[in-house]
Amino acid sequence: MIMHIVGNRPQFIKLAPLYRALELAGYQQNIIHSGQHYDENMSDIFFEELGIPSPCVNLEAGGGSHAQMTAKAMTGLEEQLLKSKPELVILYGDTNTTLAGAVVASKLCIPIAHVEAGPRTRDKRNPEECNRIVTDHLSDILFCPDSESLANLQGEGLGEKAYMTGDIMYDTYLSISGRMEKDDMPEETEEIILMTWHRQENTSDKKRMACVLDLVERLESKVVCPLHPRTRKCLAQFGLLERAQSIPNLEMIDPVGYVEMVKLMNRARLILTDSGGVSKESSFAGAKCLFMLNLEVWKDLLREGWIHQVNPENAESVEAAAAFAKKAVHVAPAQRPRYYGDGHAAEKMVQELRRRNLI
């Protein structure tokens with residue numbers, strides 16, 4: 001039996017194509033949800049939209065510090081893995097859940113496959129960087145989303161267990177986009193700037209949040225932001241929610257499922273985000289990206305000028321971002337960057353797991 005361990009929505013998106021590919025190949029599988037990020041309604045929507053079964057258990061490990069969250073996840077995962085005795089554990093991305101799964105499975109001598117292995121920011125102040133490094137070194141097979149990630153792993157002496165599959169999120173994006181085209185659903189045609197805003201670096205300080213709102217006003221175009229519950233809470237806590245609601249060009253909406261998110265990305269001419277995953281997905285959807293963190297994510301997209309970094313607290317950086325946003329147009333499929341594979345990452349993963357006798 002194969003056990004998938006996930007803890008947040010981006011991991012559900014990565015899980016879906018691989019679960020389906022393994023199911024088609026006849027393998028028995030189960031899913032553990034750590035509960036690291038948990039909203040019952042939104043989780044239900046994601047599993048339903050993505051066509052994957054509900055997890056066998058939710059460990060409810062969310063809340064608390066990084067150490068507390070990781071410790072709760074480790075305790076729950078150890079109990080579940082001892083009970084289910086899987087032949088393989090599959091981990092996704094770079095969350096505390098991923099780190100917990102890597103440590104527990106490796107100590108129980110259960111083989112580990114890591115999906116989205118190899119990205120590096122070279123900044124260990126970023127918690128996800130630490131999670132990625134530990135998980136990659138403990139895993140038995142590493143599935144890389146791009147050639148940069150593969151080169152990183154080769155440089156760390158992990159090349160023998162690394163394999164370039166392309167990005168599995170691109171599999172899901174193409175599947176959802178294709179489904180929407182077949183359904184011939186009416187689409188709004190007005191182009192927007194899509195915003196996602198949730199990282200601790202951009203929500204834990206009143207001045208920083210106020211500067212992000214200043215940046216939104218400076219962009220002038222209509223900005224649609226599915227607002228993360230924690231971001232809304234922080235805006236209220238700092239007395240900024242009323243100000244955010246009064247910005248004429250900002251439309252804050254409730255969190256959305258992945259189908260709705262793809263619709264919004266496909267309407268966008270620009271994406272303003274502090275999410276590493278969304279900054280990469282911008283290239284799938286043809287919307288250039290303003291990235292609100294000082295982290296070098298997806299270097300190919302940075303080098304190409306597809307991703308433009310902005311510091312909301314720096315006037316010169318905001319001015320440059322406004323100029324970048326003004327010129328941004330929705331890019332046709334033929335002109336979009338193609339660093340992340342061909343949309344068949346999940347099939348390649350199954351083939352390589354079989355070749356290496358891990359399933």
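The model shown here is predicted. The briefing considers a lysine in a helix, K14, and then two loop residues, K85 and C109.

**Position and burial of K14**
- K14 belongs to helix 1, which comprises residues 9-24.
- The relative accessibility of K14 is 7%, and buried means under 20%, so K14 counts as buried.

**Surroundings of K14**
- A polar contact joins the side chain of K14 to the side chain of E116, at 3.4 Å.
- When neighbours within four places in sequence are set aside, the residues in contact with K14 are Y92, G93, E116, I168 and M169.

**Backbone angles in two loops**
- Most residues other than glycine have a negative phi.
- K85 is not a glycine, yet its phi is positive, near 50°.
- K85 is found in the loop between helix 3 (66-84) and strand 4 (88-92).
- C109, which is not a glycine either, has a positive phi of about 60°.
- The loop that holds C109 lies between helix 4 (96-107) and strand 5 (112-115).

**Exposure of the loop residues**
- K85 has a relative accessibility of 64%, and exposed means over 50%, so K85 counts as exposed.
- C109 has a relative accessible area of 70% and is therefore exposed by that cut-off.

Notes
Residues are numbered from 1 along each chain as its sequence is written. This is a predicted model: local features need pLDDT of at least 70, side-chain atom pairs count only at pLDDT 80 or more; totals for chains, interfaces and linings use all residues. Side-chain values use heavy atoms; hydrogens and water are left out. Helices (H or I, at least four residues) and strands (E, at least two) are DSSP runs, numbered from the N terminus. Buried means under 20% relative accessible area, exposed over 50%, partly exposed in between (1.4 Å probe, protein chains only). A polar contact is a pair of N or O atoms within 3.5 Å; within protein, one must be able to donate a hydrogen and the other to accept it, and residues adjacent in sequence count only if both atoms are side-chain atoms. Contact means heavy atoms within 4.5 Å.
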